[in-house]
Amino acid sequence: MGIHLSPSIASCLTVALIVWLFRRDIREKPDISGALWLPLLWLVLGCSRPVSAWLNIFGLPVSGAASVEEGSPLDACFYFMLIIVGFFVLGKRQVRLSEVISNNGWLIVFLLYCFISIAWSDFPLVAFKRWIKILGHPIMALIVLTEPNPKQALTSLMKRCAYIVVPVSILFIKYYPELGRGFSPWGGAMNTGINTDKNMLGADLLILGYFFFWYLLQTRQTKRSTRRRNELWLIAGFLIGIWWLFSQAHSATSLTCLLVGILVVVFVGMRSINKNLIGTYMLAALVLLAVAEMGFGISGRFSESLGRGTGFTGRTGLWTALLGLHTNPIVGTGFESFWLGERPQQLEGIFFFIPNEAHNGYLETYLNLGSIGVLLMIGLFVATFWKIRLQLFRNFEMGRYRLGFLAAVVLYNWTEAGFRTVTPLWFVFYLIAMDYPRIGFATGQASVGVESADESRELVYAEGP
């Protein structure tokens with residue numbers, strides 16, 4: 001990344017590269033429909049900045065968020081439009097609500113509880129708007145899952161997202177520091193790339209880095225050909241770009257979770273591993289981590305080894321202060337409502353800034369939804385794991401993609417709040433947590449090896465009965 005160009009030339013080359021990548025992708029004629037542009041736009045916006053921010057960058061000044069409670073009307077309208085169009089696409093595909101519910105019971109219960117919790121929010125209208133917005137996640141996920149070839153749809157979605165996020169992040173950091181760099185609340189300089197926060201950039205890199213490692217495993221095992229060679233070069237280029245961005249973002253949480261996800265993918269792929277015992281392996285790992293944490297404070301030691309100190313860069317102090325606010329321990333403050341109004345002002349003086357997130361997804365859920373919300377989220381994780389465990393015997397490669405990402409997400413939420421409105425991790429979690437319709441396979445035999453080019457082991461779209 002040591003090439004030095006003028007910002008204008010670098011911008012032109014970046015745009016040319018993005019256009020070339022998209023044209024190359026489209027020329028390959030992947031087995032996907034034009035509707036995939038909707039979840040792509042949804043994901044790219046989640047990985048970057050709101051529409052109003054992009055319009056300001058391109059010289060079209062629009063008013064941003066008037067306040068935390070109100071948000072930006074333009075952004076709200078744009079997200080609502082995407083949701084409506086996505087809903088229309090699902091209607092055209094005759095997606096049945098009964099199938100969605102029967103295949104995703106825990107997820108539906110969690111969403112319903114989020115909706116019910118609006119009733120005790122201090123800002124019910126704001127909470128309702130935010131709840132409507134998160135409905136975009138399952139809608140966009142269902143568009144991907146109901147493509148003729150869901151695996152190809154997922155691959156195209158992630159590759160196309162990377163075509164934008166990675167080059168633009170490099171461009172902003174190197175040539176437009178007013179866009180790609182900033183200062184953290186802790187006072188230090190940070191590189192944000194296409195996003196507005198280094199930790200959010202790290203989440204983008206976690207999603208894309210994990211995908212490209214998994215995709216590398218798929219591509220290496222295909223027959224030797226010009227296309228295979230070109231894909232390997234493409235993967236290598238993006239992995240190098242993602243690694244460089246990690247070195248600039250200094251997001252220890254995302255990098256750690258990426259490595260954990262990769263280790264799970266490799267571990268599950270070992271021939272000596274009994275796939276019937278995956279649940280036992282995962283439970284044993286959790287027990288060992290719990291014992292190590294209680295006995296040796298392993299998380300604090302690991303944080304210190306990464307240069308973050310035993311307090312996770314001040315996070316433990318924040319967690320203590322938040323628990324000291326004594327919100328309702330059973331039902332919380334209502335969906336996405338804790339950080340609204342004057343409540344954050346109670347933290348003033350504890351830090352030299354007023355926080356706007358808990359930096360812990362489970363604590364964030366507790367503050368908003370109480371103990372009931374945390375239990376439902378844990379139930380959702382467990383239900384997702386059991387879906388994945390079954391898929392390991394039917395479509396192994398997709399199963400281990402989902403399993404590794406689930407492990408990364410569970411760990412990520414220990415020091416970051418990954419389940420907030422339109423964050424990209426929240427959306428990708430829906431991609432691995434949802435099933436629709438009931439997965440049909442051309443063969444019922446267990447598959448623990450590598451998928452061949454034969455489509456007999458791919459996910460296929462089939463109408464519900």
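Me: What pLDDT does the chain average, and how many of the residues score at least 70?

Reply: The chain averages a pLDDT (the predictor's confidence in each residue, from 0 to 100) of 84, and 84% of the residues score at least 70. This is a predicted model, in which local features need pLDDT of at least 70 and side-chain atom pairs count only at pLDDT 80 or more, while totals for chains, interfaces and linings use all residues. Residues are numbered from 1 along each chain as its sequence is written, and side-chain values use heavy atoms, with hydrogens and water left out.

Me: Why is the pair of F110 and W426 called edge-to-face?

Reply: Rings of Phe, Tyr and Trp (its six-membered ring) pair if their centres lie within 6.5 Å; planes under 30 degrees apart count as stacked, over 60 as edge-to-face and the rest as tilted. F110 and W426 lie 6.3 Å apart centre to centre, with 85° between the planes, and are therefore an edge-to-face pair.

Me: What makes F110 and W426 count as buried?

Reply: Buried means under 20% relative accessible area, exposed over 50%, partly exposed in between (1.4 Å probe, protein chains only). F110 has 3%, so it is buried; W426 has 4%, so it is buried as well.
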